[in-house]
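This report describes a sheet, a helix pair and a ligand shell. The structure comes first.

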Amino acid sequence: HYTLFPGMPRWPEGTEELTYAFNPGNSLSETVKGVFAAAFARWAEVTSLKFRETASYFSADIRIGFFSGDHGDGEPFDGSLGTLAHAFSPTNGRFHLDADEDWVVSGDVTQSALSTAVDLESVAVHEIGHLLGLGHSSVEEAVMFPTISSRRKKVVLAQDDIQGIQYLY
Ligand code: TQI
Ligand code: ZN
Ligand code: ZN
């Protein structure tokens, strides 16, 4: 079953659109940006929320960046595997990814030669769930289940993820 964060934080009633922006210190390819757009679209499809990229990092609702090691928020990244990314409950909007992962942005992660390969869209779909207010699920098929193996792709929302997000929005 899905969980919510303590106190059930969510984006305010009446929120129709959330904006997101990429850290201007990262220069991301259109392919990488497209992976995030696809991940947002999976949640938009099952709610009335819309997500729109904006150039303005500091005014965006959701701020996405890749960082290495200690990056100033008290939750340092740890190199390959271990912590892959973190995101915070509503309405914080911080979405950080470990720049030292072997991110797979296109192609088939299950066929990667690297045993440390991590599928970017899978992690993005999971972290967006946190950004919207979902905690972890006990349902193994759910994208909000708290573990994923490397070289695994899990991007399709399970019924449990959909029930959780539709409870909130
Ligand atoms: N990052 C953890 C996660 O997103 C950070 C975390 C731990 C967390 N406990 C939390 C965030 C409670 C919010 C609430 O779960 S992670 C996975 C998964 C991670 C893990 O790097 O370990 C994914 C990031 F579920 F697959 F293991 C993305 Cl998909
Ligand atoms: Zn961080
Ligand atoms: Zn999580």
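Which helix gives the largest share of the shell around ligand 1? Helix 2 does, with 5 residues. This is a predicted model, in which local features need pLDDT of at least 70 and side-chain atom pairs count only at pLDDT 80 or more, while totals for chains, interfaces and linings use all residues. Residues are numbered from 1 along each chain as its sequence is written, and chains are lettered from A and ligands numbered from 1 in the order in which they are written.

Helices (H or I, at least four residues) and strands (E, at least two) are DSSP runs, numbered from the N terminus. The elements discussed below include these:

| Element | Residues |
|---|---|
| Helix 1 | 30-44 |
| Helix 2 | 120-132 |
| Strand 1 | 17-22 |
| Strand 3 | 62-67 |

Around ligand 1 there are 13 residues (C-beta atom, placed from the backbone, within 6 Å), and Thr83, Leu84, Val123, His126 and Ile148 come nearest.

The axes of helix 1 and helix 2 (lines fitted to C-alpha atoms over the stretch in contact, with angles from 0 to 180 degrees between N-to-C directions) come within 9 Å and cross at roughly 50°.

An open sheet of 5 strands has the order 2-1-3-5-4, with mixed pairing (at least two DSSP bridges between two strands). Strand 1 and strand 3 run parallel and are joined by 3 bridges. Phe22 has Ile64 of strand 3 as its bridge partner.
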